[in-house]
Amino acid sequence: MGDSKEAGAETPPAGATARGGLSLLSPGEAEEASAQGSALCLGGSEVKSRAVVKYSSAPPRAAFARLEEKTDLKLPPANWLRESAKLGPAGTTILGNSKKSKPFSSFGMAYDFIDSVGNDVDVVSDSENIKKLLKIPYSKSHVSMAVHRVGRTLLLDELDIQELFMRSSQTGDWTWLKEFYQRLIDQKWQRKKKSKEHWYQKAILSKFLYYSINGDGAAQPVPSAAEQQESSSSDQTNDSDGASWPAPFDMPASVSEDPSASSQGSEPLEPSYIVGHVASAPKEQNLTTLFNDGENSQGLKNDFVRNILWTFEDIHMLVGSNMPIFGGGRYPAVSLRLRDNNKPINVLTGIDYWLDNLICNVPELVMCFHVNGIVQKYEMIKTEEIPDLENSNFSTKVIKDIAQNILSFLKSNCTKEGHTYWLFKASGSDIVKLYDLTTLCEETEDKYQNPFTMPVAILLYKVACNMMMKKNQNKKHYGTIRTLLLNCLKLLDKSRHPQIIASANYMLSELFQLDEPKKEEGSESPLNENSDESYSEEEEEMPDSDENGSYSTGSDPPEDNKAVAIIKSVGELSVPEKYKSIHQIRPSCAFPVCHDTEERCRLVLSYVLEGLKSVDSSIKKESDLPAADPNTPIPLKYEDESTRAGPEGLEKQMALFLDKMGSLRKGNYSSQSGMIPGSWQHKMKLQLILKSSKAYYVLSDAAMSLQKYGRALRYIKLALQSHDTYCCLCTNMFSEVLLFLSQYLTLCGDIQLMLAQNANNRAAHLEEFNYQTKEDQEILHSLHRESTCQGFAWATDLSTDLESQLSVSCKCYEAANEILQFSDLKSQNPEHYVQVLKRMGNIRNEIGVFYMNQAAALQSERVVSKSVSTAEQQLWKKSFSCFEKGIHNFESIGDATNAALLLCNTGRLMRICAQAHCGAGDEFKREFSPEEGLYYNKAVDYYLKALRSLGTRDVHPAVWDSVNWELSTTYFTMATLQQDYAPLSRKAQEQIEKEVSEAMMKSLKYCDVDSVSARQPLCQYRAATIHHRLASMYHSCLRNQVGDEHLRKQHRVLADLHYSKAAALFQLLKDTPCELLRVQLERVAFAEFQMASQNSNVGKLKTLSGALDIMVRTKRAFQLIRKELVAESDQPKRDEPSPAADTAPGLNREEALKLLSIFESRLSFLLLQSIRLLSPGKRKTSNNVEEDVALKTNKHIYSQLLRATANKNTSLLERIDVLLHLLDQLAGGGAVQ
């Protein structure tokens, strides 16, 4: 026996007190039992036996009183059939006068020890049934037992054929079994009456046990003869009626509608269930299911004095026993037996006594012998000595083999959960047969004729509930739970048991974790999700045979073909491992693997729908509901934008929604179907609806990831409709449910945004949105029984207008954020809160850009001379407001990068405002206006704020570079406009030049020409252009300025510097030859201007030489132009000639011709001036060889240039070739350094 900790640590199940004084085994008894040992060495071989008393309703053991010799047991004792304080409330049961075991006794035990069923225990049964099975090879008496399987556990109950058929004769029930029995087994069946000897032996045993109670105070006056006769007759009546079978389980309409209604008359009713509230948290399944006392009326009560967990060898059994146990012997416990001295103990009696003592862990047997009721003597026998008694010698090893063979036989053949099997052996027969009564019953008109149906269904349901409630339950058991529930549902009539069906379907839906990965843990091989069998078909179809024996019925007579399996001879049970189980019952069942999210969610929704149907069918006011056909699609609301109130209407709907959410927090309840708050229908429907909303949310999220936005919107609409119904029914909104709603609205906002961004595929999205499955229609029909489901219509309509879609998306995010403010959800779910604010910032950016682009479009359509329209200004305000709110959203969560991007977009909006003001007025009289300056400066401020938001380039290099580029562009645009449209009417020239210079230099500051990136050529071009413009401005100042020599000198230096930088940057670019050429020509013009102010020939010659050197350095520009011209001329040769191919893609031919002509004229002028200055008449010295060479070269080049320019038919390419040739000559020795 186990230690005291195990015996005393069990906690009583719910309803323990209802079993009539049931109590835990006291610690003293547990220790006492533990001291008796766990293994008994019997007959020279060891048989392992271990018994743990789980519960006992017996009082502390009373010592037995040894009766004096010659005591007449035919006379009743004074305390006979009287209650005693020492006996407790179960006194008559202890002394063997209780009713015989009830038909469902194993179910009563199973309900109380639900943890053991289906997992740890092999057999649950009355000890009398266990003994009867183990005595089969030794006994000729009949055996009739009902067998049920739950997981790996078998439940055994006596199936009293005589009692059943007596009932059949009276009520007409069980006629199908009676006919079957008479046809195949006993054609001349008739009730066998018990002999007078049976009643005599029973009476003297009862009197003997009462005599043996050692309690003086219990003595009462001896009953009169009439009372004795009455007691005897009542005893007989109890015995015959004690196993009365209930009628098939029916449920009157009144009970199905109101579980609390009392039963009418003596008609058995379905046990009433009170389904406890299931918490909303997805990880917790508080599926507490309580049974009221109604179950006792069904004979499902655990009536045993003690329940024992008995391990016999490797077989674990939960056994109920009523055997009287006394104290007072050499051991703490003894069993007391009465024997007729004239009749020797036979093997059957010996096995009976031995098994009783083993099961109850009683070490000693006290035998009282009598002759004709007169006590003769007492004898003490140790339990391990019983198998060796004279005339009752038996092998404990054989008993062990019999137990193992019978268990293997039953486990191998009782394979279907929920089925009732019948193990039968006729009296005097050696053949044991096993029938499947459920299959036989289904062949009749009413399959619910089987009275075991309801108890089995309840047990399957309770075991599943128990497994679901375990917090540490591993997913590997989910397959087992699913199988239990599916088999439970098979047994139940939908119209009779809506509550259990609804609860079972909800638990089935809870098994599928919607937010888990596709691959479920513990499922190594896929199982078809529609399979209702927890065990593979091979267990049922494989021939039940092996080399040691056969279960096959092929050689048996035809009348035996109804049997599932047959033991041909009881003697085979004694052969070791004769019926070794070849079909091991699996400890857990494979859970179906759903290969995609939609499959998993659809399975969940199918269970939810069945649950909703069960709930709806049980609600009274069916006729009061608006008529609706579940097969008729409920039209999805679709509105054209013309019928909507636009964003203004959205604001009103949002306000109504927020008011509703506020009222929900106060617990307002409104149901159209008339469900009573707190009823099982109300609680169950809440949970089913919440589950459906989660499933639709997951489906929507999956469709979103597949870019099926129309389908995603349909699913999120169903999710929100489910949630709206939940809100109408809920009396107390949980924070978890509010969090779900916030998540649903966030996803809805995402979908609306994606629909807005994918407007080109609107027709396909609309088709997906309007499609509905029959399952969705039926769920929606159930939802419409409770509410209008229009609470979130504003968020789920598919609009055709881009602005409306963006507004709806924004309102969804705002609603999600508002919900997070209702309670402490914001701090409890910081990640979700951050995501919502990010999305709010993003959608406000999208809307801001949308309004900004609309304003830009209006601006481009406006006539130049007109002023800014009111519509434009309204769009600016809307855009600015959105950007401002978005910036606030990002800043509140510390998202510097996105805040910088929105600041950047605000800067762009300011530039658009500035551009709008530059169009007013006459183009020729136009000046850079103060409004332009104001908006450009605002744009600069926003760009600088964006840079400050980022802090350093390391935070986000790409955004940093983008903001710098935009800032540089703004400064450059502002400077260019001031330079091209100088506001001379308001400012002095010098001030304008100063502002232009400052703006250009700031633009250069933020223009990164050194970093290698895709934008580097643009930056280089921008910097070159800035230097070119600055050089041109200083050149112009120098031309127009008189006086102040210092300032002129400064301008000269600056002009030369910027020209040099511009030329150097343009030299780096491959696609700007004209710009490079123009800069160089301007540099030459600058040199000419300087030369004009010089008086000495030496100074002029030096300046002239520098100008010719600049001319030589334009060679690269001509090479690039030539390259493009050659590429242009090759193009028609490779492809078909095209008239459009007159100019190369990157070359402006007209500008190139113009610049080439200017270049030729300036080169001609410079060469002519050089020739004049180098002529002997102008030189001071006549013996300078270098000057002579230069003069000669320049004359030659000049003559060639004149001849080339004189020919007007020369092509552009030829002219460039000539110039390149002349520049090469000039570089070789023309100019004087």
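Q: What percentage of the 1233 residues in the chain is buried?

A: Buried residues account for 52% of the 1233 residues in the chain. Here buried means under 20% relative accessible area, exposed means over 50%, and partly exposed lies in between (1.4 Å probe, protein chains only). Do keep in mind that this is a predicted model, where local features need pLDDT of at least 70, side-chain atom pairs count only at pLDDT 80 or more, and totals for chains, interfaces and linings use all residues. Residues are numbered from 1 along each chain as its sequence is written, and side-chain values use heavy atoms, with hydrogens and water left out.

Q: How many helices and strands does the chain have?

A: Helices (H or I, at least four residues) and strands (E, at least two) are DSSP runs, numbered from the N terminus. In this chain there are 41 helices and 18 strands.

Q: How do I read the packing of two helices, and at what angle do H30 and H32 cross?

A: Two packed helices are described by the angle between their axes and the distance between the axes. Axes are lines fitted to C-alpha atoms, for helices over the stretch in contact, and angles run from 0 to 180 degrees between N-to-C directions. For helix H30 (residues 896–918) and helix H32 (residues 957–980), the axes come within 10 Å and cross at roughly 20 degrees. Angles under 35 degrees count as roughly parallel, over 145 as roughly antiparallel, 65 to 115 as roughly perpendicular and the rest as oblique. H30 and H32 are therefore roughly parallel to each other.

Q: Which residues of H30 and H32 meet?

A: Contact means heavy atoms within 4.5 Å. On the H30 side we find Thr-897, Ala-900, Leu-901, Cys-904 and Arg-911, and they meet Val-959, Val-963, Glu-966, Thr-969 and Thr-970 in H32.

Q: Is Ser-1003 buried or exposed?

A: Ser-1003 has a relative accessible area of 0%, so this residue is buried. Its place is in helix H33 (residues 989–1005). Leaving aside neighbours within four places in sequence, Ser-1003 is in contact with Ser-968, Tyr-971, Phe-972, Arg-1022 and Ile-1026.

Q: Where is Asn-119?

A: Look in the loop between helix H4 (105–112) and strand S3 (123–126) to find Asn-119. Asn-119 is partly exposed, because its relative accessible area is 35%. Beyond its neighbours within four places in sequence, Asn-119 is in contact with Arg-152 and Thr-153. Asn-119 and Thr-153 are 34 residues apart in sequence, and their C-alpha atoms are 6.8 Å apart in space.
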